Amino acid sequence: MSNHNSLPPRSPLSSTPPTSGSQAKSGLVPTNNVTTSEGITVRARIDPTLTVADVVRQLCVNLKIKGMPSDYALRDENHELVTNDNLRKKIKARLDLKLVNSPNKEGREIAEKLRVRDQKTMRLTLYTLQRYIRENEFASGFINYDGVTQLVDIIFTSLGNTLAYALTAMQNLMELDHGWASLDEAFIFRVVQVLSSPHSLINVCRPATAILKKLVEADPSNAPGPQAGSSKNGPAIVPGSIYRYGFTMVFEQMRKEKSLLETIVNRLGSADTAMAQHSMMLINSLLSHASDARWEEFIAEMERFSLRKAVVRLMSQHTVEELTSCILDFQANMLRVTYRKKSTLVDLDAQLSHAADLNYIWEHSKLIEESDEKGQQLKWRKLGFDTEDIEFEFNDVGVLGLECLKRFVERDPDFSKVVLEQLSRPVERRCPIAKASNEVVELLSEHWAIFAPGYSTSTTFQPLFLDFYKVHALATNFFIRMWSESGAATGDFIRVVALVRSQVKVALRNENVRAWHEVERDFLECEYRAVRDRQMKELEQEDDLLSKIPVRNLRAKIFKESYEFVRQQRIQCLLQGAWFVIALPGNAPQPRDSRRPSKPWRFVRLDNSTKYLHYVDSAVKFPVRSGLEDLPDRIEIAAVSEIATGTCAPPPNVLRDHDDLPPTTPLAPSPLSFSLLSIHEEQGSLADLIAPDQSRWADWTDGLNMLRKDGGHVASKETAGFVQALTEIGLKIKLLDLSGEMVEIPSGLTAGPPPPNTDFFFSELI
């Protein structure tokens, strides 16, 4: 049924349809169809200068609709709410609109329907809820009408698809920064139970996993704005704030279900890529937010369930392209874990596990504690340590060194024979096995740039890094073999270290494409003479100065500074903004014609709060003013789950006049393309863009990754190269003064004995 109405000049409705020719050129507003809930359709000429409230008010008046105009709103065919921000776009696109209940009223009605619990309409109600709950006005009506309580009750009592719809609605609600602060520990445990059950449906597990991830990240320390509180108790929780949960609260509930972590790890191998992705994102979130009190327990649990092996298997699967970003994030998190272990001191009094590991090592050596000729204890020196102060011996490699030595002992059933063989030799010819193990830890840390938490420049998969302990065992055995084959003595330790460093570089090269058996062959079969010849050639090109411990520590410090410098530069590029081509998604159908899109260009800029990407689409490039006045649309950074690269193709007849953009075949992915994938699968990609050149692509893909809370990895070789180049340049500049003055840098420093008494004071330096 069609209804035409004649209205005053300022009315949003007009009975005269728009005409072409001169009228179109004069700027007349296109015609939209508006349909009411009764099925009445009118052709409306909507004035884009009016507010949506004015448009709705005049529609209600002219269509004689009962009720307050504030109880109504406009939506398009896709149920998207018409707002003052997108009204002009809807008008220009001539979209069909619907006059429906206002979001606030709809929210109240949905809450009432949930209270009634009509099983016949429950799923439809929940489906409507999950669609609209992200809207602030709808959420306000729903929350104020006690809708969250009703939704939680349904999650506790329902199963199957009804539970899936309810959990998805809760997941969408949790995108808002308010409204779900009432969720308690019982709710968290219910989600944990759902996730830990092997019988839970995939469409139930996906939102449940996302909910746990959101709760982990809702830590008081992540709350925006200044935070009050003490360093001992942490930030104070603001009443009503959603930032009241965090890792500790979630993990306490997870500990009640012993099978949960194992189930999550097992789901990494799920045939459902989205399920594997959600599980990977939850694991990354837990690793990023693990509290000091539970960190060691959580990491131990992850290791017990072979998390690293599960991720390595994931690397080789055909679905890996969709999981690349998550896996690189995991590598960055494992780098943080490894660094933390390396920087955590061995403490036998405070940590029973440290003492247990040392006892295990000693028992499997099958040695007997003795006294030397001076009557002093002779125990750990038999294994190759320099002193009997075992905590001091692990100062540089920390708990990581202790764990590596223990794993080395576990892997070799003949460990005791290896030790006895060394003890049978003259003292000066014995290979210090324990000291060699610690040195290999240092070499591998140097190779994989384990310098500080949160700094990872790897752009490719590192399956060998994830098998750190196994590589350590291979390299340590290689150290022992090189010691024997070269006839080394005590004073040759540094020389053998140099041989092992050279072999580590060769064996671990291109680890993302090398087979494991090739790595093993390099360590097990390479002869001393070949290693020595290659190392001598390397020495002609390198300076032995760079391998000394003080210089390695200096490199680590400069590396952190270089990474942070490049990170700030990348984010600065985002703040300045750039032009991109609007790309076609990889799964888009082949265009029927080759007409150029009306608006193929998009300018994107990050706002100063780093929370939103603002943009404008245009037919041509134009000078964009500073600020956000020219950029009417925006994308929330928090809504981006992943920065996917090489995923989309250029539109027809856009790039042919631009030689700076690489030529691509129709619908073939451009190497300079990237997509901002939504945290909601149904939304797909929030933006598909093609950068004008490799430099701009690196700036934006890495800048966006570094900006995300769960990001931090580097996607481009260009950025990784910048960090490495700055590190090397900075290191050489720092060393110029020393090398110019011919200052001898020791390989290490030994602290002198303590003062014999306290009869001294520190003089004031003038």
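Modeller: Before we start, a residue is called buried when its relative accessible area is under 20%, exposed when that area is over 50%, and partly exposed in between. Please keep in mind that this is a predicted model.

Colleague: Thanks! Is Glu-446 buried, partly exposed or exposed?
Modeller: Glu-446 has a relative accessible area of 22%. Buried needs a value under 20% and exposed one over 50%. Glu-446 is therefore partly exposed.

Colleague: And which parts of the chain does the pair of Glu-446 and Arg-501 link?
Modeller: The side chains of these two residues meet in a salt bridge, at 3.8 Å from N to O. They lie 55 residues apart, so the pair links distant parts of the chain. Arg-501, with a relative accessible area of 12%, is buried. Glu-446 sits in helix H21 and Arg-501 in helix H24.

Colleague: Why are Glu-217 and Lys-213 separated by about one helical turn?
Modeller: These two form a salt bridge, with their closest N and O atoms 2.8 Å apart. Both are buried, Glu-217 at 14% and Lys-213 at 15% relative accessibility. The separation is about one turn because, within helix H10 (residues 202-217), they stand four residues apart.

Colleague: What is the relative accessible area of Arg-602?
Modeller: Asp-617 and Arg-602 meet through their side chains in a salt bridge of 2.6 Å, N to O. The pair connects strand E12, which holds Asp-617, with strand E11, which holds Arg-602. Asp-617 is partly exposed at 25%, whereas Arg-602 is buried, with a relative accessible area of 9%.

Colleague: How many salt bridges does the structure hold?
Modeller: Side chains of opposite charge can pair when their charged atoms come close. The bridge between Glu-217 and Lys-213 is one example. For the structure, the number of salt bridges is 38.

Colleague: Are H23 and H25 roughly parallel or roughly antiparallel to each other?
Modeller: Helix H23 (residues 468-485) packs against helix H25 (residues 516-525) at an angle of about 20°, and their axes are 8 Å apart. The contact includes Leu-474 and Phe-478 in H23, and Trp-516 and Phe-523 in H25. Its residues divide into seven nonpolar, no polar and four charged. Angles under 35 degrees count as roughly parallel, so H23 and H25 are roughly parallel.

Colleague: Which strands stand at the edges of the open sheet, each with a single partner strand?
Modeller: The sheet has seven strands in the order E13-E12-E11-E9-E17-E16-E14, with antiparallel pairing. An edge strand has a single partner, so one of its sides is left without a neighbour in the sheet. The edge strands are E13 and E14.

Colleague: Inside that sheet, which residue in E17 does Ile-582 stand opposite?
Modeller: Strand E9 (residues 578-582) pairs with strand E17 (residues 685-690) in the antiparallel sense, over two bridges. Across this pairing, the residue opposite Ile-582 is Leu-689.

Colleague: One more, please: in E4, which residue is the bridge partner of Asp-76?
Modeller: Asp-76 belongs to strand E3 (residues 72-76), which is largely enclosed by the rest of the structure because five of its five residues are buried. Both faces of E3 are covered, with Tyr-72, Leu-74 and Asp-76 on one side and Ala-73 and Arg-75 on the other. E3 runs antiparallel to strand E4 (residues 97-101), and five bridges join them. The partner of Asp-76 is Leu-97.

How values were computed:
Residues are numbered from 1 along each chain as its sequence is written. This is a predicted model: local features need pLDDT of at least 70, side-chain atom pairs count only at pLDDT 80 or more; totals for chains, interfaces and linings use all residues. Side-chain values use heavy atoms; hydrogens and water are left out. Axes are lines fitted to C-alpha atoms, for helices over the stretch in contact, and angles run from 0 to 180 degrees between N-to-C directions. Angles under 35 degrees count as roughly parallel, over 145 as roughly antiparallel, 65 to 115 as roughly perpendicular and the rest as oblique. Contact means heavy atoms within 4.5 Å. Ala, Val, Leu, Ile, Met, Phe, Trp, Tyr, Cys and Pro count as nonpolar, Asp, Glu, Lys and Arg as charged, and the others, Gly among them, as polar. A salt bridge is a side-chain nitrogen of Lys or Arg within 4 Å of a carboxyl oxygen of Asp or Glu. Buried means under 20% relative accessible area, exposed over 50%, partly exposed in between (1.4 Å probe, protein chains only). Two strands pair if DSSP finds at least two bridges between them.
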